[in-house]
Amino acid sequence: MNKDSLRIMSTPKSVKTTKPEVMDTISDIEIIRSLLYCFQGVDSHWIEFNQNEKQFVVTARLDFYQTSKVNRLMELGYLHNIVQEYIENNSDNKNGSVASGIAHCLHEELCIYYDSINKLQKEVNEAYEKSKEYSLGNLLCWSVLWLGQLQDLAYTVKMIDGAKRGGELVSVIAPFAYCANPYLQQMATNMIKVATRPLMMIMCHWMVDGELLDNYEEFFICHCPDINNLDMWNNRYTIRESMVPAFFTKDDVNRIFRTGRYINFLHTICKSKPELTPSRKTLKDLRNSGDKDLFPMLEQGSIISDMINKACTESSTVVLDILKEQFNLFLHFEGLRRYMLLGQGDFVTSLLEILQPHLDKSSGALGHHTFRNLLDTAVRMSNAQYDKPTILKTLDVKLLPTSGEDCGWDIFQLDYSTGGPLETIFEFNGSGRYSIMFVFLWRLKRIDFVLSQMWRELNLQIKTSYHIVPEIRYALKWTNNLVAEMVHSVRQIQFYVLSDVIETEWEHFREAINKASLLETVIQAHNQFLKNIFKRSVQTEETHDLSKKMRQLFESVLELRGIQERFHSQSEHELNRRKDLEKYIEEHGTNNKMEKDDLETKEAFLLEVERYENIIKEISSSYKIDLVKFLKKLIQVSTDDQDALHSLANRINFNKYYSKNDQDLEKCATYICRSHK
């Protein structure tokens, strides 16, 4: 709504008169005295305010010249009422302290206006007493200045009236401080200075004590009281964008938010109250003075903005120092790498060997205390026993919810729960990113462990059964070749993930945190570290297809393991049967029935061997197809920043073993190599 529309609205639709056929027109002095009341929004004998139509009406008969002038002058009363209504609705902090401050500024402007009316009334009275002429034209000359100023005030009220409050209200006023109208510019400046004092108090208290004293919900930071301490860092306090004053930069808002959160974190989570830093001392003095405002923030590079920046930096440094010294932040990062990311190799090997008999059991037969004891045993059997007690006390076992059909492998998980401040910021435990990564790495270790078991059993079986049970020679050869292929591909994947990805990214992360002096730097480096290992390990949503193909390879290994175990059991039974039969014949001799039964048993076993060979060939063929698809996808998703994936594909496809028989894979690899160049 612009000023012209305000002027149109202020003009009465008609000038109402009482008994015009008998009433004579009134003199200028009579209507002037009524207008003096009208200017202040007060009814008089000749001019009244119509509440229904929201306009002033004249109850006297006016001549042609009086009508146009009175209509023009009554606009002052109409505009006055608009301003006065806002003042009445926003006094006594009814709609917040900011709105109350603006109402106070408007009231001061009206007081100046009232003082001018008092002086005008004295002039009118003196002219009347001295029988001098004082006409409506004289009144119009006086009204020119105030008509413009009241239009400005009414226009401002129309802009800020409604549901706006707090910082949102200040944002509406701020542009007026740069307008070309000197009166409106000065008025907006005064409003901003008065209205932002409560915001200045809230901001200083937030940054000094980490508490929100926002009784009228006017500040751009809000508090969610139902959030527990564990979620405090990310969810207890949030920024309300609508309440951010327009002249605040995004950096200033984030620094104010972070500073108060740092201090609140120290007080509520760390139970620590360190001494005030220099910048926070200055902010405390500003708060205690009670007469400071945010008007300097309208200028770039203001003192307040510089102070906010320093307070944020100092507070971040204090929190980081406390987390390092009192809560062993960097030591726990190392513990997470060793155990949740399986960086402590000898410990992982010992744990797998100890847990294997239990992990193959049904999940319903397993208890937490059993795994906890086995974990302690694995620690004592490895170099993990020399780790600092702070790390070992934090290490525990967690069993995932089970569907009843799972085995121990599916529900077992290490848990590294630091508790307290570190958990609040970095989310180490629960279903966080470390737990997700552990599940993937644990599955990878499981597959490697299963293949190692199969390899040992096959070698032992070849030594013990090769001559006694010659029927299984080709079956063992097929199995041995397939296991060799699986070992090669799985170990290349494992080496890539544990060495090329995790160890490399860990070195980058360690360099970053050793140089860091601010908590935000450590948080960003930690988030980047986790983001990189997830991305490069193809465990993101973007690489879901590749991750799915990798799981298919793992499932083939487990399928082979199940079939191989059954065949190994059958072979062992046949081996023992033949040994026992040979021993019996040496001692007691033989007969036709015994030889016939032996021949039938060998034929039945031979059928089992043939069936097993067919299954092995099917698994081998399926595995190669899946592996080629995996290699193609690896090459396709390989980019300049993930060139290691292409290197992994080359290592698995050593000497072009798989691409020799697959032209599509050969073309794909050649194209990618050339494009990278």
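Which residues is threonine 196 in contact with, leaving aside its neighbours within four places in sequence? In this predicted model, in which local features need pLDDT of at least 70, side-chain atom pairs count only at pLDDT 80 or more, and totals for chains, interfaces and linings use all residues, residues are numbered from 1 along each chain as its sequence is written. Side-chain values use heavy atoms, with hydrogens and water left out.

With those neighbours set aside, threonine 196 is in contact with Val170, Met191, Phe247, Asp293, Leu294 and Phe295, where contact means heavy atoms within 4.5 Å. Threonine 196 itself is found in the loop between α7 (182-195) and α8 (197-209), the helices (H or I, at least four residues) and strands (E, at least two) being DSSP runs numbered from the N terminus. At 0% relative accessibility, threonine 196 counts as buried, a class defined as under 20% relative accessible area, with exposed meaning over 50% and partly exposed in between (1.4 Å probe, protein chains only). The C-alpha atoms of threonine 196 and tyrosine 134, which are 62 residues apart along the chain, are separated by 45 Å.

Two other threonines were examined in helices. Threonine 504 is found in helix α20 (residues 473-515) and is partly exposed, with a relative accessible area of 31%; leaving aside its neighbours within four places in sequence, threonine 504 is in contact with Ser499 and Arg536. Between the C-alpha atoms of threonine 504 and isoleucine 468, 36 residues apart along the chain, the separation is 50 Å. Threonine 268 lies in helix α10 (residues 250-268) and counts as partly exposed at 26% relative accessibility, and its C-alpha atom is separated by 30 Å from that of methionine 297, 29 residues away along the chain.

Helix α15 (residues 368-380) has 13 residues and reaches 19 Å from its first C-alpha to its last, close to the 18 Å expected at 1.5 Å a residue, the expected span being 1.5 Å times one less than the number of residues. The buried residues of α15 are Phe371, Leu374, Leu375, Ala378 and Val379. These residues lie on the same side of α15 because they cover an arc of only 145° around the axis, the arc being that of the directions from the helix axis to the C-beta atoms. They pack against α14 (345-359), α16 (389-394), β5 (395-399) and β6 (412-416), whereas the face of α15 turned away from its buried side carries the exposed residues His369 and Arg380.

A further helix pair is formed by α13 (residues 329-340) and α19 (residues 433-465), which pack at an angle of about 30° with their axes 10 Å apart; axes are lines fitted to C-alpha atoms, for helices over the stretch in contact, and angles run from 0 to 180 degrees between N-to-C directions. Helix α13 is therefore roughly parallel to α19, given that angles under 35 degrees count as roughly parallel, over 145 as roughly antiparallel, 65 to 115 as roughly perpendicular and the rest as oblique. In this pairing, Leu336, Tyr339 and Met340 in α13 meet Tyr434, Ser435, Phe438 and Leu441 in α19.

The loop between α12 (303-325) and α13 holds asparagine 328, whose phi is near 55°, a positive value in a residue other than glycine. Most residues other than glycine have a negative phi. Asparagine 328 counts as partly exposed at 28% relative accessibility. Asparagine 655, although not a glycine, likewise has a positive phi of about 55°; asparagine 655 is found in the loop between α24 (643-652) and α25 (663-676) and counts as exposed at 55% relative accessibility.

As regards the cysteines, the count comes to 0 disulfides, a disulfide being a pair of cysteine sulfur atoms within 2.5 Å. The sulfur of cysteine 222 has its closest cysteine sulfur in cysteine 224, at 5.1 Å, which is too far for a bond. Cysteine 222 is buried, with a relative accessible area of 17%, while cysteine 224 is partly exposed, with a relative accessible area of 27%. Cysteine 179 lies in the loop between α6 (166-173) and α7 and, leaving aside its neighbours within four places in sequence, is in contact with Leu184 and Gln185. The C-alpha atoms of cysteine 179 and leucine 352, 173 residues apart along the chain, are separated by 74 Å.
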